[in-house]
Protein chains: 2
Amino acid sequence: MVELPLGFRAHVANIGIKDETDDFVVIAAERPCPAAAVFTQSLFSGASVIVSREHIADRSLQAFVVISKNSNVATGKEGMDNAREIVTAVASALGAAEGDLLIASTGVIGRQYPMDRVRRHLTSLKAPFVGRDAQAAARAIMTTDTHPKLAHASVGKASIVDIAKGVGMIEPDMATLITLFLTDAEIDGEVLDKVFRSVIARTFNAVSVDTDTSTSDTAAIMASGAAGPVDEATFAEALLDVALALTKMIARDGEGATKLIEVLVDGARDDSQAKRVAKSIVNSPLVKTAVHGADPNWGRVAMAVGKCWDDRDINQERVVIRFGELEVYPQRVDEDGLDQLGKYMSGDTVRIHVSLGVATGSFIVYGCDLSDGYVRINANYTT
Amino acid sequence: MVELPLGFRAHVANIGIKDETDDFVVIAAERPCPAAAVFTQSLFSGASVIVSREHIADRSLQAFVVISKNSNVATGKEGMDNAREIVTAVASALGAAEGDLLIASTGVIGRQYPMDRVRRHLTSLKAPFVGRDAQAAARAIMTTDTHPKLAHASVGKASIVDIAKGVGMIEPDMATLITLFLTDAEIDGEVLDKVFRSVIARTFNAVSVDTDTSTSDTAAIMASGAAGPVDEATFAEALLDVALALTKMIARDGEGATKLIEVLVDGARDDSQAKRVAKSIVNSPLVKTAVHGADPNWGRVAMAVGKCWDDRDINQERVVIRFGELEVYPQRVDEDGLDQLGKYMSGDTVRIHVSLGVATGSFIVYGCDLSDGYVRINANYTT
């Protein structure tokens, strides 16, 4: 069993949102602690995101509340009232301030929570909690994920645990990504916020299953401090490792996915140009289907670079394209290379490496192949 | 038989690019005439596009040359030399200036033309041509299109004929769209250019099968003048009708497509915002799979509006979403409505209408559903 870091306890339950599986998680610290969070930028942000954005403004949280299988998105004033009512009830059971709770929801869009059942459960909620099983929490936040997603690391005497669910449109109604980090490291709120944002930018903000952006994305971290102070650089590195492991796990478990795709773009004007080009490649349905079919179709990669037409400093004569270590453009592979290339493309991880020859910016993004499984999952669903 | 407008003759042949089907078309006027053209903005533009862009600069052309089944893209200096050699040979056979020829190619990326076979054919080329069959020309520019695409209209004594091929990634190696318009109307070059650009913006530039942009897209028109002058407004209207008919034909024949999707966005700040939001909807893999499954999943439409997050003036509380004429958000359909909605979604054309409630900008875009056929076509291909 992977345990939550010191200072955190969890409550995991079924409250009847959709079926009999666990759909309600509260992870609470003993007192308010330094915290950071980032959310979807969607104009159709859900009620949970709107409430949580208010509550994280002071960089302090005492608990995460997660409801799965209903996103509480596009539910109007009633949905907002429900989100606030749940937060108030949990805060009261914990003896915490409402403003120290973050709430996150994932699942179907446009339906109200079954508040009768939710209220019945909240009335019976008793703190302090006793649960320490991070895996159970990871399982309860799942919707149509094929397995619970959890990663952890040590930093001196402290530990970091990250649970995550979904990616792209795992719940057939919407894109939802929730990732919650817990650590018992003692770390200043401002430092935590800075380190967290920089890690998320290179991990969860660098993953794409299908270009569709959630109305509920939430990534958050709380640091209980129970394990004492840690070296900032070591902490940042460990946080990156944990986040990257989960990011790859999520890309690999994308709807219908059979392969992880990593796209490294370097030689760019700056990191932001590198990211733009890398995303154009990893999101191209033609590149994704080629990888699915194990076809080293570099013409489609060239096409995906070519459609970044605002980047006029990219010159096709200076671009180099590689699959794994093998250069395929402008230099072509010989017969031996073709064999090697075929084997490489058949693996379960394909790295596409594009050098732009402009300057030294670089970025890696993560995605997955596009299979008929994706189409079946999303077309055969009926609202 | 649909005939080419007065003043044009065609030569259609097989020159052995890939198989036995026709793969070479020249459509020539008797003398240079007013012309207009727009091309892909790809940074990996093919040799044909680079040459043609030079030649259209003076808004005058005498012939279109089209080679299908090889795009001559990412072929370096040799590819550029080959494009120029072909143009020179055809110009010489026609007794025309090289600078009055437009060349367009579609097909596999990264391979040289089989120049031995091409040269053998060019040596035997004899003008003037005698062909007048527009359908034969439409057929010869096809790659994996399931049928030739042609539309025509009358404007007074003049006519307009448009042939087109492809869309998205019809040729499994790349996106290629070529559309060639011919008219015998007498029309000034500057007026033609203006009208043509405005028509293309609302038709061929408003279609998307899979978000991947060709390295070879070419749209061009020549006006022979042989039928005399026409009313400008009537001409513009007829040109729009013809272009729109072909645009829809192309969306419907997108790889694996079973349905045409039209997305109308109105109530926008301006037409450009309306287009941005409409494209976000028509390109969303989740919206496309929902339409494929005949599922009136408006939550996915809301998500696609929501991800246009630079448009901060869009407020989810003022957005209205309709499938056909039926409002689904914020007002929900009743039981009768659900039946009607189910029938509507099962049809072969689905119109999604989103009103933003900001101002009066509007735009319509065209696309198609995403089926496992698309994945099969593009994954099972091996380069």
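A polar contact is a pair of N or O atoms within 3.5 Å; within protein, one atom must be able to donate a hydrogen and the other to accept it, and residues adjacent in sequence count only if both atoms are side-chain atoms. The model is predicted, so local features need pLDDT of at least 70 and side-chain atom pairs count only at pLDDT 80 or more, while totals for chains, interfaces and linings use all residues. Residues are numbered from 1 along each chain as its sequence is written, chains are lettered from A in the order in which they are written, and side-chain values use heavy atoms, with hydrogens and water left out.

**View 1. The interface of chain A and chain B.** Chain A and chain B each bring 53 residues to the contact (heavy atoms within 4.5 Å). About 4,700 Å² is buried between the two chains, and carbon and sulfur atoms give 59% of this area (accessible area, 1.4 Å probe, that two parts lose on being put together, summed over both). Of the area that chain A buries against chain B, 17% is supplied by Leu43(A), Phe44(A) and Gln316(A), more than any other three residues. Across the interface, 12 residue pairs are in polar contact, both residues at pLDDT 80 or more.

**View 2. The side of chain A that touches chain B.** Helices H8 (285-292), H9 (298-306) and H11 (372-379) of chain A are the elements that give two or more residues to this side (helices are DSSP runs of H or I, at least four residues, and strands runs of E, at least two, numbered from the N terminus). H9(A) gives the largest share, seven residues.

**View 3. The axis between the copies.**

**View 4. The ring pair Phe181(B) and Phe204(B).** Eight aromatic pairs are found over all chains (ring centres of Phe, Tyr or the six-membered ring of Trp within 6.5 Å; planes under 30 degrees apart are stacked, over 60 edge-to-face, the rest tilted). The centres of Phe181(B) and Phe204(B) are 6.2 Å apart and their planes stand at 85°, so the pair is edge-to-face.

View 5. His152(B) lies in strand E5 (residues 149-155) of chain B.
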